[in-house]
Structure formats: structure tokens, C-alpha cells
Amino acid sequence: MIVINCKQGSEEWLWTRAGVITASRAKDAIDVTAKGGPKAKSISYAAEVAMGRVTGEPADEGFVSWQKKRGTELEPHARIAYEAKTGNLASESGIVLTDDRVFGYSTDGFVEDDGLIEIKCQSSPEKIIELWRTRDVSEYMHQMQMGMWITNRKWCDLVMYAPQLVSVGKELFIECVERDEEFIDAMVERLLAFAKRVDDNEAVLRG
């Protein structure tokens, strides 16, 4: 495990992620048909990662949506709110890579020896309400489980921060997700198959 301390969204963060299969895109990477063939998102991402390996340049250094910019600005406030609510200290930790630098996870914080936090500053009213209604965090499961796999952690708190809801006491949503070895084993098998397709794309580019 390689830990690189850098601020998310910074130039160092962008360049470190170039050519790396990241946890935030794990769901896209393993998006395959019932017969195991890659779907459109997986094909596109495999090409993006291969290009990043060859050029060494980040593929997502251009346009930043207002939602992503807002999330970056609110994240420190979300971390403080989480710490105040739970008493847990969440240390910022940049990017964690596997020893071969094939896979990576941008951590929102390490908690003690075994935990992580994954912060989402959701702007969609529909998604905010649905999360509070169902507490269903499956949309983020691949990212969290891949993060736990890479960092060898046992649990991850999904934190949704919506400061606009402070008047009704719903500004901070927290759901703890435990490490799921069965889920991870199945996911890693498919991630390795995806990595092989990235290798094939890289070979084509290098000729």
C-alpha cells in the first residue's frame, strides 16, 4: 500500500491518478453484460485509463462541474460536522495506491486504525430525500468496498452532508458499512479482468 498525501482536486492529485483504476470508477469498470462482455461505460473507462498510462497525463483535468466544485468546498465542513457528531477524528490522507500502482482510492479520511469515511455533498433533492427515506447506500458500495480493500480497513462511514437542511436537523447523514469479503472477492475478480483489458489497450497504443 502506497499513501500519497495530497489535496483532492489539486494538480498533484490529478497527475497521481493518471492511468490508475480508481475506486470512484469501480462500478463503471466492472459494468459488464450477463455473458461477461464489457458495456459502454467499461469500454470507455478502459480506454481512458490506458491513455493515462501512456501519456502520464490526467484525463479529467479540464471542466469541473459546479456540483463537483461545491462538493470540494463543502468537504472540510462535512468532516468537521462528522467529527463533532461522532467524536471520531478523521485524518485527511490523499490517495492510497496498491503496491503495483494499478488501483487507487482517494480517501476522504482515515478513522482510527480500522475505519474510513466517504463524504458525499449531494445536491440533488431527490437523492437526499431517498437516502433519508431508505438509508440505501448501494450506489456507493463498490467505491467503499474497493476503498476498504486497498486500505485494508474494516469499516467505512458513508457521510452525506447537506447544510441547507440544518433547520430540520437533516444536514448530516451517516451510515456505517462493514467490510464484505464475499463482495470484495467477486469485485476484485472483475477488476482484474478489467485491468487486463486496460493492458490490451495500452499494448495497442505502444504498438
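E118 is buried, with a relative accessible area of 3%; buried means under 20% relative accessible area, exposed over 50%, and partly exposed in between (1.4 Å probe, protein chains only). The model is predicted: local features need pLDDT of at least 70, side-chain atom pairs count only at pLDDT 80 or more, and totals for chains, interfaces and linings use all residues. Residues are numbered from 1 along each chain as its sequence is written, and side-chain values use heavy atoms, with hydrogens and water left out.

E118 lies in strand β7, residues 115–120. Strands (E, at least two residues) and helices (H or I, at least four) are DSSP runs numbered from the N terminus. Six of the six residues of β7 are buried. L116, E118 and K120 point one way from the strand, and G115, I117 and I119 the other.

Two strands pair if DSSP finds at least two bridges between them.

| Partner of β7 | Residues | Sense | Bridges |
|---|---|---|---|
| β6 | 110–111 | antiparallel | two |
| β8 | 155–161 | parallel | six |

β6 and β7 form a hairpin with three residues between them, and E112 in the turn has a positive phi of about 50°. The bridge partner of V111 is G115 in β7. On the β8 side, E118 stands opposite L158.

Beyond its neighbours within four places in sequence, E118 has contacts (heavy atoms within 4.5 Å) with residues including Y105, D108, Q143 and L158. The side chains of E118 and Y105 are joined by a polar contact of 2.7 Å. A polar contact is a pair of N or O atoms within 3.5 Å; within protein, one must be able to donate a hydrogen and the other to accept it, and residues adjacent in sequence count only if both atoms are side-chain atoms.
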